[in-house]
Amino acid sequence: MREAGTVTVLNDIPRVAGEPSGARGRVAELQEIRARALAGPGGKATEAQHAKGKLTARERIGLLLDEGSFQEVEQLRRHRATGFGLEARRPHTDGVITGWGTVEGRTVFVYAHDFRIFGGALGEAHATKIHKIMDMAIAAGAPLVSLNDGAGARIQEGVSALAGYGGIFQRNTKASGVIPQISVMLGPCAGGAAYSPALTDFVFMVRETSQMFITGPDVVKAVTGEEITQNGLGGADVHAETSGVCHFAYDDEESCLAEVRYLLSMLPQNNREFPPRAPCTDPPARACEALLDLVPADGNRPYDMRAVIEEIVDDGEVLEVHERWARNIVCALARMDGQVVGIVANQPRVLAGVLDIEASEKAARFVQMCDAFSIPLLTLVDVPGFLPGVGQEHGGIIRHGAKLLYAYCNATVPRISLILRKAYGGAYIVMDSQSTGADLTYAWPTNEIAVMGAEGAAGVIFRRQIAAADDPEAMRARMVKEYKSELMHPYYAAERGLIDDVIDPADTREILIRSLAMLRTKHADLPSRKHGNPPQ
């Protein structure tokens, strides 16, 4: 006989010995089990995590969600695998914490890998927990945030672990365009595990502590002979600047998770809702006199498009997406009169704002995201064309540029474009022109809408006259001036109905806000089809 009231451990689960004294005894037993699950594998593992500059999974959830709002799901789940010593190691949670809570009072689902348990590696029970929380997020119509810090598939469980990834990928795809999905990389993510973040809407990374790659440095060295560090191969800066896999990169986990909260405040719960409106103290009719000085009338002089965006949006607050990748185009979320708007803008400070392969991909993905989640689109145009070059042509600029064209043509959200200066050739058409379905198109008096620049056009049209002239350069200058006066004056497109109005730059904010308010109830239907076949 065991004495009542003593505690023993059966199969790794602490139990109150003897018959518990009614409900109170059962509750005491539950509390002890729960305390053990909350504590995790122990102090040494936690210290090791902190020594790497990383927080624990529960600490991360605490920073992400509103205080006291987290409701955990399947906390007591344990794996049932055997072999390789697994049967003797059956910790609660199985290395992943799942549940829901709130961010600024709005429901958000979350799962977080616990690197202290099996290195956060995914096994069958681990995957099943993630599958369940993803299904719950889809059913409830609420955003899903994954806090990734895992070592990939749990090798001891073999193919069952790989099948678990397949279930995650399938649910990522099912949820795409239905609920916002955000991946936060807070540790290593290698092999097939890296594909889940790639399927989500936004990827956050932390410098020095997070990496993503399909094959690690050791494999790369064995196959190609190249030597490279983990951060050099797949660190935050690499993916933020070179590959474009990462949308946002931060120096520490605290600032990273704070920005995830800010992004969530600008997104709807699902594709059936509008983004939340925020109180606005910035007057909608505020004159933007500074724009007259920010943008030079000379189309060959660069300026910072971000300064233009900050001038017209509420309080100058902008969340730029992919800030350090494809910097010749700006994609950003901001508010105008409290309403969220997605902004796509050429950046004259980088490559004169031309469209190239990476800029087209970046903008196309952003346009599709905004369209999926009912975020109106504002396009600020100052584009001299597509970037010429053998590398661009061989790299597939035609199909990559077509991605942006397809995204705009397929979008049914309110679409407004504003031409600040240059709008040349096919790039003008691609940047949400009236002919591709923009609801409203405005232009400043400095606009130049044409097939190509005046110098190039005059060289083609008047090449014989220029070649036969006694002074070819003087004739060229004369022809350029004539071409500009005939076909590139600020009101040429307005006279032909290709833009809706030429506006005073100082009135830009007021006119855009009034236009967005009018279009808020816009309804547009696409043809009945299973799905389109966009260029890849």
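This is a predicted model: local features need pLDDT of at least 70, side-chain atom pairs count only at pLDDT 80 or more; totals for chains, interfaces and linings use all residues.
User: How do I describe two aromatic rings that come together?

Analyst: A pair of aromatic rings is described by the distance of the centres and the angle of the planes. In this model, six aromatic pairs turn up in a search of the whole structure. In one of them, Trp100 and Phe109 have ring centres 6.2 Å apart and planes at 45°, so this pair is tilted. Of these two residues, Trp100 is partly exposed at 31%, whereas Phe109 is buried at 5%. For Tyr165 and Phe169, the centres are 6.1 Å apart and the planes stand at 20°, so that pair is stacked.

User: Where do Tyr165 and Phe169 sit, and how are they spaced?

Analyst: Both belong to helix H5, residues 159-175. They are four residues apart, so about one helical turn separates them.

User: Which residues do ring pairs link into a cluster?

Analyst: Ring pairs join Phe202, Phe204, Phe248 and Tyr250 into a cluster.

User: Which charged residues lie over the face of a ring?

Analyst: Here you look for a charge above the ring face and read the distance to the ring centre. Lys54 lies over the face of Phe115, 4.3 Å from the ring centre. Likewise, Arg496 lies over the face of Tyr492, at 3.6 Å from the ring centre.

User: Now for a polar side chain. Is His113 buried or exposed, and what does its side chain contact?

Analyst: His113 is in strand S5, residues 106-113. With a relative accessible area of 9%, His113 is buried. Its side chain makes a polar contact with the side chain of His126 at 3.2 Å. Leaving aside residues up to four places away in sequence, His113 touches several others, including Ala57, Arg60, Leu147, Asn148 and Asp149.

User: How does S3 join strand S4?

Analyst: S3 and S4 (residues 96-103) run antiparallel and are joined by three bridges. As an example, Gln71 has Trp100 as its bridge partner in S4.

User: Which way do the side chains of a strand point, for instance in S13?

Analyst: In a regular strand the side chains alternate between the two faces of the sheet. From S13, Ile329, Cys331, Leu333 and Arg335 point one way, while Val330, Ala332, Ala334 and Met336 point the other way. Eight of the eight residues of S13 (residues 329-336) are buried.

User: Which strands pair with S13, and over how many bridges?

Analyst: Strand S12 (residues 318-321) pairs with S13 in the antiparallel sense over four bridges. There, Val318 has Ala334 as its bridge partner. The hairpin of S13 and S14 has two residues between the strands, and Asp337 takes a positive phi near 55°.

User: To finish, how many helices and strands does the protein have, and what percentage of its residues count as buried?

Analyst: There are 21 helices and 19 strands. Of the 536 residues, 51% count as buried. The C-alpha trace spans about 115 × 55 × 45 Å along its principal axes. Among contacts between residues at least 6 apart in sequence, 72% join residues at least 24 apart.

Definitions and conventions
Residues are numbered from 1 along each chain as its sequence is written. Side-chain values use heavy atoms; hydrogens and water are left out. Rings of Phe, Tyr and Trp (its six-membered ring) pair if their centres lie within 6.5 Å; planes under 30 degrees apart count as stacked, over 60 as edge-to-face and the rest as tilted. Buried means under 20% relative accessible area, exposed over 50%, partly exposed in between (1.4 Å probe, protein chains only). A charge sits over a ring if NZ of Lys or CZ of Arg is within 6 Å of the ring centre and within 35 degrees of the ring normal. A polar contact is a pair of N or O atoms within 3.5 Å; within protein, one must be able to donate a hydrogen and the other to accept it, and residues adjacent in sequence count only if both atoms are side-chain atoms. Contact means heavy atoms within 4.5 Å. Two strands pair if DSSP finds at least two bridges between them.
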